[in-house]
Amino acid sequence: MKLTVNGIEQEIFSPPLTPLLHVLRDELDVTSPKAGCQQGGCGTCTVLIDGEPRRSCLTAVAAVDGSEITTLEGLGEPEQLSPVQAAFHERYAAQCGFCTPGMVVAATALIERKGGPVERDEVLEALGGHYCRCTGYVKIVDAVMAASRGQTGAREDEPETGEEAPVMIPGSPA
Amino acid sequence: MAKHRGRGFATIEYPTGMNQNGDPSQAWIKLKPDGRVDVFSGTVDIGQGSKTVHTQIVADALGVPYDWVTMDNTNTDSSAVCTGTFASRGTFIGGNAVRLAAERVRERIIDIASKELEIDPSDLEIENGEVIAKGAPQKKIGIPDVAGAATYNYGELISGSSTALKPFADVDDSTGQVEIEPHSAISYAACVADVVVDDETGEVVVEKLVQVYDVGRAINPTLVEGQIEGGAIMGLGLGLTENSYPYYPSPENRGGEFGAYLGPALHDLPELDNVIIENPSEDGPFGAKAIGEMANNAQPPAIATAIFDAVGVWVTEMPATPERVLEALEAKREPRRDGKRVIFDEHISVRTVSSNGGEGFLGVDA
């Protein structure tokens, strides 16, 4: 079996009925999809299979042989966040962070599908099956709506940081 | 058979941390030779944002920019001791530990700066990463230079440590009584709930929660709001759906899997109206009290009073599941004992006043 995970083609050696979640986490060491309830109930294992959000805990790897898989790792880099990741970061949409990978992946698919600003009802529909214990969902909904409107980057209420001065080590005995 | 609207409210008070000693948090702070600040604090950030808040406290207490400060609480082996992240104590007790440690570091910085500038320590202050002579701002030295001088010229590691701990109380030997301030800092909160109760199905929907929290000082208002919002949804679950043992103490119908425990999902999210009140505490860091565990306490009683307002029955056990609401409605409609209509409602009954506290009649000795 073969999978293209975040743009890299991978040969898969796990047994065919292994859940995709465990193939990603244990065989390929892609650990952003979390093993939450493992019953399809909490949503934190969500990955994109050929662009569609799917529960990787309920998906046998053989059923998606040859597919393109995108996880959180494939969306952005720490220094170059994707719009949804940036919005989550800037708007405090994560607390413990366990649900965040699934939320971000599903929200990315929603915004891609819509291709423009998403409304509150659409976020509720798309993320309704994702469980969050910490945030009360408020800032997550705000972040997804902001990301779909391109409202990321430096916000007005944040002070501008100046140019980083070169770090000197003063007072050296030399 | 109809839907009824109701509004209820509840108020709570919340003591911060465990009180009367035995609940320490420790912190240790050191300065790198380039003036950057490393903080080793025992408090664990579980997502509530204590790292951010402690960084703010240290930056303010030291007088350095926020991004000079690095929190290291990556393991509990090398970190200072902290009893734990619970009881809303992270900002109040853990925050006090880092504040006190930062104040000691500040003293050492000023001592060394005083040698470098040849100015008395009492005439120096720290502002935005620089030690400045009071009233003569042109005489100053950057904290990086102070830290460098300490490291390379004076052979000193600028550091400070502290434990935030409520001291033991004195025991009065003659009476055995203990005089203790009952609490370190009490936070207060109020919650108003608007509900719709369906008297046919027993279903309760919370439409809106107005929540007012006195947090002493909101060191980071966005994080405070995050706690209030998260607490609202937890409180909503405690009030309406979340139940591990529905027929406690019988284990019958106990949830055996994730889907059997009904925590609120996105669709249950009511309209939230949050208000933060600052009522500073003398004991807290910069006046802060607490907003952690208290954030999910006021919603269940507010929902219960709102149900009473809507349909006139008290649900006395939480969560107010449809089953319990229907039971309460049924009991109100059909008050029967042995098939007869016997009405006792402790909320409306007026108990007979006894002249001697219910001890019995006078003069009835045989």
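Analyst: A salt bridge is a side-chain nitrogen of Lys or Arg within 4 Å of a carboxyl oxygen of Asp or Glu. Side chains of opposite charge can pair when their charged atoms come close. This is a predicted model, in which local features need pLDDT of at least 70 and side-chain atom pairs count only at pLDDT 80 or more, while totals for chains, interfaces and linings use all residues; side-chain values use heavy atoms, without hydrogens and water. Residues are numbered from 1 along each chain as its sequence is written, and chains are lettered from A and ligands numbered from 1 in the order in which they are written.

User: How many salt bridges does the rule give over all chains?

Analyst: The count is 19. In one of them, Asp194(B) and Arg7(B) pair at 2.7 Å, N to O. Asp194(B) belongs to strand β9 (residues 186–198) and Arg7(B) to strand β1 (residues 3–15), both of chain B, and the partners are 187 residues apart. Strands (E, at least two residues) and helices (H or I, at least four) are DSSP runs, numbered from the N terminus.

User: Is Asp194(B) buried or exposed?

Analyst: Asp194(B) counts as buried because its relative accessibility is 17%, whereas Arg7(B), at 54%, counts as exposed. Buried means under 20% relative accessible area, exposed over 50%, and partly exposed in between (1.4 Å probe, protein chains only).

User: Which residue forms a salt bridge with Arg108(B)?

Analyst: The partner of Arg108(B) is Asp111(B), with the closest N and O atoms 2.6 Å apart. Both residues lie in helix α2 (residues 90–117) of chain B, three residues apart, which is about one turn of the helix. Arg108(B) is partly exposed at 25%, and Asp111(B) is partly exposed at 29%.

User: What is found between chain A and chain B across the interface?

Analyst: The rule finds three salt bridges there. The side chains of Arg133(A) and Glu242(B), for instance, meet at 2.6 Å, N to O. Chain A has 30 residues in contact (heavy atoms within 4.5 Å) with 33 residues of chain B.

User: How much area is buried between chain A and chain B?

Analyst: About 2,500 Å² is buried, and carbon and sulfur atoms give 60% of it. Buried area is the accessible area (1.4 Å probe) that two parts lose on being put together, summed over both.
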